[in-house]
Amino acid sequence: MKRFIVINSIICLFVYGLTGCSDIKSSLFGRSSQNDISGTKRNLSSVLFDSNWRFLKADAPGAEAKDFDDTTWRLLGLPHDWSIEDLPPESNSASQAPAPSPATGRRGRGRANFPAVGPFSPQSPGGKDTGYTIGGTGWYRKHFVLDEDTLGKHVVIEFDGIYMDSDVWLNGHHLGNHPYGYTAFAYNLTDYLNPPGQDNVIAVRVRNLGRNSRWYTGSGIYRHAALRVTDPLRVGQWGVYITTPEVTKQKAAVNVVTTIENGRSEITDLTLRVKLRGPKGKTLQTGETKTKVTAGDQVNIPLALDIKTPPLWSTDSPKLCQAEVTLLVDGKAVDTAITTFGIREIKFSVENGFTLNGETVKLRGACLHHDNGPLGSAAFDRAEQRKVELMKANGYNAIRTSHNPPSTVLLDTCDRLGILVMDEAFDCWEEGKNPDDYGKYFNEWWQRDLQSMILRDRNHPCVIMWSIGNEVPQRVKEEGYVIEKQLCDEVRRLDPTRPVTEAICAPWDGQRWPATEKAFSFLDVGGYNYQVGQYESDHEKFPDRIIVGTESYPKEFAQYWRGVENNSYVLGDFVWTGMDYLGEAGLGSARVGNESGEYFNAFCGDLDLCGFKKAQSYYRDVVWDISSIEIFVHRPIPEGLRESVSAWGWPDELASWTWPGNEGKTMQVNVYSKCDSVRLELNGEEIATKQVDGGRFTARFDVPYTSGELKAIGLTDGKAVAAKILRTVGPAKKIRLTVDRNTIGAERGNLAYVTVEITDESGNVMPDAADMVHFKLTGPGELAAVGSGAPNVMESFQQPKHFAWHGRCLAILRPKGASGEITLTAESEGLKPATIVVKMR
């Protein structure tokens with residue numbers, strides 16, 4: 001085991017070119033046979049290939065052929081997830097779910113016994129694991145025409161992710177199959193393209209069949225596609241790798257390794273030039289070297305540069321630079337790759353934990369699945385960005401990409417915002433967890449998929465650890481040790497600058513925790529799932545082992561975080577989960593009596609499916625010293641019944657003192673604080689003063705309900721130092737709309753998130769309002785999705801109406817590509833409507 005891991009590196013995000021919008025069809029492409037090609041410029045030679053795809057949700061024998069008639073197919077853009085879309089009417093006999101009870105927010109239907117509604121069906125092969133959604137087979141086809149400028153060029157199509165088991169054809173020629181739904185891949189189109197001016201057709205078949213996942217995956221080309229056109233002499237895919245042997249405040253020694261591929265028919269002399277720029281574009285250093293590349297060969301060319309007083313990347317100040325790598329032949333540039341990178345030093349040790357640029361940083365981590373709530377798995381740029389922004393705003397500084405590589409956009413955003421990432425590869429190895437999952441493909445594909453993840457992601461400054469698996473069934477088996485060593489060796493071959501970890505839980509086959517010893521021996525950092533009780537005893541047995549909590553229960557967060565704070569060898573903790581996700585339905589449920597409402601999302605997140613804070617998030621604020629005091633009231637439980645809260649759940653409590661119909665009944669009030677004691681007052685009169693349980697940071701009170709003002713006062717050494725007030729509100733009178741951004745770009749990847757709230761006359765949110773809200777939209781935009789945080793109210797995410805839950809729901813607006821104004825109006829019976837305008841430029 002490695003007791004002290006030192007990683008001095010400049011880490012770069014290898015992106016082909018400039019970020020921003022550019023229509024370059026006039027220089028690279030001629031007309032499209034159906035629609036013009038346009039896209040976001042990612043590279044001087046690469047454009048997004050997202051627009052004007054034809055789609056059919058069915059199998060279509062012969063659709064790989066160039067001349068297949070697709071004129072009746074639906075026209076759409078990427079990213080696209082068909083599993084989140086409404087099922088056809090014949091599968092969807094009930095167009096609307098029953099409303100949640102205003103008193104409980106719950107429905108009481110039997111498990112898997114509901115009429116199909118929206119994307120949900122009781123016939124779902126994945127059942128509750130995939131949130132009762134449907135996969136199946138789908139086809140995509142795209143027509144495009146290249147112009148004369150592309151003659152003799154090298155043309156590649158790149159996919160950032162397709163779920164799953166995709167086959168791709170160009171003009172009827174089969175390019176390949178890619179089973180894994182989470183890794184990026186590319187195909188060389190050059191040999192099968194028609195001459196400039198003639199129609200070309202890319203066809204993609206996607207098969208999401210059987211039981212292949214433990215959570216919602218979505219279906220289709222759900223991440224970006226790009227077309228890359230270069231000279232045959234080019235920088236390879238993911239072909240820039242930057243490290244440094246030294247990083248200090250005074251100097252950074254930079255080593256840039258560029259992979260050059262020569263597709264020309266002759267030996268070529270060239271000059272490799274590297275220019276490094278600072279956050280404001282100022283040139284920091286330039287260097288070049290000459291080399292010769294044989295025809296058909298691939299070479300790795302190193303270049304060493306020094307930067308004085310380098311701008312350092314950190315979580316508090318994520319300064320990003322750019323590297324411009326250019327290949328020149330006879331003084332003329334033939335290919336250029338623009339790379340965004342960050343300069344930072346990371347170290348891991350038992351004595352100091354994880355240090356970033358010499359400072360210890362405890363990982364305040366969240367496990368996140370890849371879906372975007374009401375949008376399904378479609379990785380719209382703004383959706384991925386918002387997800388990271390929400391984590392940052394709620395105190396997190398780290399994300400674990402459970403249990404698969406994320407989108408490039410998510411990592412770009414983490415780079416920009418200063419969020420650290422544990423990048424995870426697999427949920428299983430050759431022994432799967434479902435009959436049709438990745439275990440079927442592991443032996444043939446693990447090395448290619450691991451290479452895809454690491455070569456694509458190894459240059460992001462945000463990525464600090466590689467995880468090779470999560471709770472894999474083979475973790476304490478002899479064949480598993482062989483696989484684990486192979487994975488670790490391959491990771492270190494591809495990127496020796498970061499430690500390797502794996503999320504390990506207790507054995508499932510009757511063995512005890514000590515059986516995991518050999519599995520940990522291959523790792524640089526031991527990932528512990530739900531094993532806080534083992535930290536100190538394992539440290540005594542294995543004093544050189546570095547530990548990170550890779551999963552933890554929300555209810556036990558104070559204990560987990562104490563294990564982090566009190567032990568230098570524990571790097572941090574990743575809660576399961578930072579945000580609710582589709583699938584693993586009801587994992588975090590809190591049920592009363594025999595209640596059996598049909599959950600479709602996991603409901604274990606600190607934030608709900610729409611990104612609104614839940615009770616456990618406020619509790620975490622107290623533990624992390626973001627808030628001094630919070631007050632929550634448990635929903636009344638009918639006499640004779642008990643609440644059953646799952647290990648990943650949280651009691652059904654609200655920050656509310658509005659409980660009509662419960663006058664005189666005793667309410668359980670929980671006050672969360674690190675103060676010595678809490679005084680609770682109702683309408684100005686003291687109810688009681690209680691000591692805070694220092695282990696759970698909780699003071700509990702029983703209070704007879706009467707409307708008015710409930711006030712919790714935190715006391716330290718007898719002095720009031722913090723307070724929180726809940727007031728009775730109502731009745732509901734109007735709707736309030738709030739948008740996250742009033743002005744957005746008109747590009748299709750942009751979104752505007754509109755929070756819809758049911759309020760009383762004074763603007764206070766009605767905590768249990770469940771009104772149906774109807775939406776009207778005008779202008780050059782569309783309603784991309786609607787939703788709420790309700791875990792068990794099945795509705796369409798695409799119809800212009802939705803029930804509120806806890807007084808809130810969400811509307812997501814998407815531009816159609818033109819500038820102008822989108823006007824959204826929200827209406828509900830008996831309430832004053834509201835309108836909001838979003839400008840697009």
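Modeller: Here is a term to start with: rings of Phe, Tyr and Trp (its six-membered ring) pair if their centres lie within 6.5 Å, and planes under 30 degrees apart are stacked, over 60 edge-to-face, the rest tilted. This is a predicted model, where local features need pLDDT of at least 70, side-chain atom pairs need 80 or more, and totals for chains, interfaces and linings use all residues. Residues are numbered from 1 along each chain as its sequence is written, and side-chain values use heavy atoms, without hydrogens and water.

Colleague: Which residues do ring pairs link into a cluster?

Modeller: A search of the whole structure finds 43 aromatic pairs. Some of these link up into a cluster, whose members are Tyr 163, Tyr 180, Tyr 182, Phe 426, Tyr 438, Phe 442 and Trp 446.

Colleague: How many residues apart in sequence are the parts that Tyr 163 and Tyr 182 tie together?

Modeller: Their ring centres are 5.4 Å apart with planes at 55°, so this pair is tilted. Tyr 163 sits in the loop between strands E8 (154-159) and E9 (166-170), and Tyr 182 in the loop between E10 (173-178) and E11 (185-188); strands here are DSSP runs of at least two residues and helices of at least four (H or I), numbered from the N terminus. The pair therefore ties together parts whose separation in sequence is 19 residues.

Colleague: What kind of pair do Tyr 396 and Trp 624 make?

Modeller: Tyr 396 lies in the loop between helix H2 (381-393) and strand E24 (398-400), and Trp 624 in the loop between H9 and strand E32 (629-634), so parts 228 residues apart in sequence are tied together. Tyr 396 is buried at 3% relative accessibility, and Trp 624 is buried at 3% as well. The ring centres are 5.2 Å apart and the planes stand at 90°, so the pair is edge-to-face.

Colleague: Which residue in E46 stands opposite Met 772?

Modeller: E46 belongs to an open sheet of 5 strands with mixed pairing, in the order E42-E49-E48-E44-E46; two strands pair if DSSP finds at least two bridges between them. E42 (743-744) and E46 (801-803) are the edge strands, each pairing on one side only. E44 (residues 772-778) runs antiparallel to E46, joined by 3 bridges. Opposite Met 772, E46 places Phe 803.

Technical notes:
Buried < 20%, exposed > 50% of the residue type's maximum accessible area, 1.4 Å probe, protein only.
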